[in-house]
Amino acid sequence: MMRSLFSGVSGLKTHQTRMDVIGNNIANVNTTAYKSSSMTFNALMSQTTKRASGPNALTGVGGTNARQIGLGVKAGAINTNITGQGSAQSTGNPFDIMITGEAFFVVNNGVSNYFTRDGSFYVDGAGNLAMTSTGYNVMGWQVDPDTQNIKKDTVTALRVMNQANMTYPPEATSQATIGGVIDSNDKDVSSPNGKSINLSFFDALGYQYTAKLVVKQSDNPHTFSLELDRILDSTGKDVRDLEGNTLNVKELVKFSDTLRGIDKTTKLGMDTTAYKWNGQTLETMDTPAVPLADLSQMFEANGELKALDTALTINDKDGNPITVGQALDNIAKVHGYEGSTDEFLKLGMKVETPNATTGGTDVTYVSMKTLLYNSTSNTDPQFPKLDATNSSVEMTAYVFDGVVVSYNPDTGVFDGLNGAGATNSTFNLNLSALGGNFSNITVDMSQSSNYDKKGTSTLGATSGDKGGLGAGRRLGEMIGLTIQDNGMIYATYDSGMTKLLGQIATAMFANASGLEKSGDNLYSATLNSGEFDGIGVDITADGGYMTSGQLEMSNVDLSSEFTEMITTQRGFQANSRIITVSDTLLEELTNLKR
């Protein structure tokens, strides 16, 4: 009689344990990445009142089974559905990460490593990626400073927002591309000032500059000159050289020290009604007579022009000395280049000399500077003096320190630089004269062409090569973090760059169900789960992946839990009836003495 009482008691206790498991599951129905548990029952033990016997061949009596009376029930096992994938819950937070697969995040409290499926992370005050609930650091692999690739070694805390990662260093521009269509009928291209093209570039400190290039057409509609006119800083001011002087930009695109030119026929016509140069003096409406002997003051002994602000021994009508620059302005004005002294000084003459050795013709170019010097001293009679006796001098060459750009007259495609053929498609902007923060820029013109576009050219310059490399950049400020499906963390910067900061490591176990729950959605490794090697694995190794902006929900199935609750309740009731009925039987037994 007493056995049935204790069997009923064990049934009550075991069903109560099962109800505890069910209650815990339901309580954690909204716990991030919670894994539901289930319980199995085992018979407690049995009392054998008669052992089994075998059949007797001699007597012909058959065998009998053992007679055993069960003594109750016990909890057999409590299993965790740890491999059951929970549903995804979108949060929109880039630091919320969901694992799909059987891996676990590795977190550390400063002493020990723990494992979790709870991917609710944030960046703490030290810049470390950490759990929002406990503050434990998320562990992963760092970037090798030499290769800039992930180095899979012992996991360490992922400090993704340290000072070094908040900015991306600037880079000087080293490549540029000039592309588009240049139309020979474009009036800007055929004008004396040419068509302007702006190239924006950076120095090594991230400061931005603009190189103003000019394209001009020669007498050949398929040949053009490309010159560097000015370099401006971000405020629009002219860049100066290392000594603080105005930059000689012509030196920045020189291919050699040989003066070059393209055929650009023009005539220098003097306005003899307002200006005259009678061979001895230059007379204008605004200045007194300027003797040619005095104009020689503009030149050094070697024929080079003096600085433009050098004063001459000639005064204007107000008694102020005329400078070299003012004298050049007057001379340009006389020859029809009023307000365009720079263009006037870029003119020159093409001289062709028979070569007895080769039988061909040698071509040289004489600059306007040389012609002016000759006009003041007549040192070389083979060149004309720019005076009244040559009131209309034909200039058969346009002299410049730039690049000759040619296009195929039949197809309009790019045909090379400086007559070297299409294989020579690049030239250099030698920006080293600007200081140590600049890199020379290789400019590729192979993407340009010469077609009819109704008088409108689309030629333009962009930094970077055809693939965008070498464009340079300013200092970049971090504007966001992204986490890829393999756990790699990238920072994005407002300069358009990205930087690999690290990779979230994961742990995998031969028997994940053998992990021990440690509270706070954490698990600890046990002897039956397998040990963590301290390095971890890439989550993609077994086909798993991470999803940013989502969290894994609990895998508790409420319908199953309520069904289990019903059967558990009925089991508990039935066991309570066992105790009640046994008590009644005992009561009848004690009443026999009445």
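1. The chain contains seven helices and 41 strands, both taken as DSSP runs numbered from the N terminus (helices: H or I, at least four residues; strands: E, at least two). The model is predicted, so local features need pLDDT of at least 70 and side-chain atom pairs count only at pLDDT 80 or more, whereas totals for chains, interfaces and linings use all residues. Residues are numbered from 1 along each chain as its sequence is written, and side-chain values use heavy atoms, with hydrogens and water left out.

2. Of the 594 residues in the chain, 42% are buried (under 20% relative accessible area with a 1.4 Å probe, protein chains only). The accessible surface comes to about 30200 Å², and carbon and sulfur atoms hold 49% of that area (Shrake-Rupley method, 1.4 Å probe). Among contacts (heavy atoms within 4.5 Å) with a separation of 6 or more, 62% join residues 24 or more positions apart.

3. An open antiparallel sheet is built from five strands in the order S15-S16-S17-S29-S30; two strands count as paired if DSSP finds at least two bridges between them. Strand S15 (195-202) and strand S30 (414-417) are the edges, each pairing on one side only. The twist from one strand to the next averages 30 degrees, with axes fitted as lines to C-alpha atoms and angles running from 0 to 180 degrees between N-to-C directions.

4. Within this sheet, strand S16 (residues 208-217) and strand S17 (residues 223-233) run antiparallel and are joined by nine bridges. Lys216 has Ser225 in S17 as its bridge partner.

5. A further open sheet has four strands in the order S31-S32-S14-S33, with mixed pairing. Direction ignored, neighbouring strands are turned by 25 degrees against each other on average. Four bridges link S31 to strand S32 (residues 441-449) in the antiparallel sense, and Asn428 stands opposite Thr442 in S32.

6. The largest nonpolar core has 31 residues, and Leu226, Ile231 and Met445 have the most contacts inside it; such a core is a set of buried Ala, Val, Leu, Ile, Met, Phe, Trp, Tyr and Cys residues joined through side-chain atoms within 4.5 Å. Elements giving two or more residues to this core include S16, S17, S31 and S32, as well as strand S14 (175-181) and strand S29 (403-407). Leaving aside residues up to four places away in sequence, Leu226 touches several residues, among them Ile178, Leu213, Val405, Phe427 and Met445.

7. A second, separate core of 25 residues includes Ile97, Ala103, Phe121 and Tyr493.

Key: Buried < 20%, exposed > 50% of the residue type's maximum accessible area, 1.4 Å probe, protein only.
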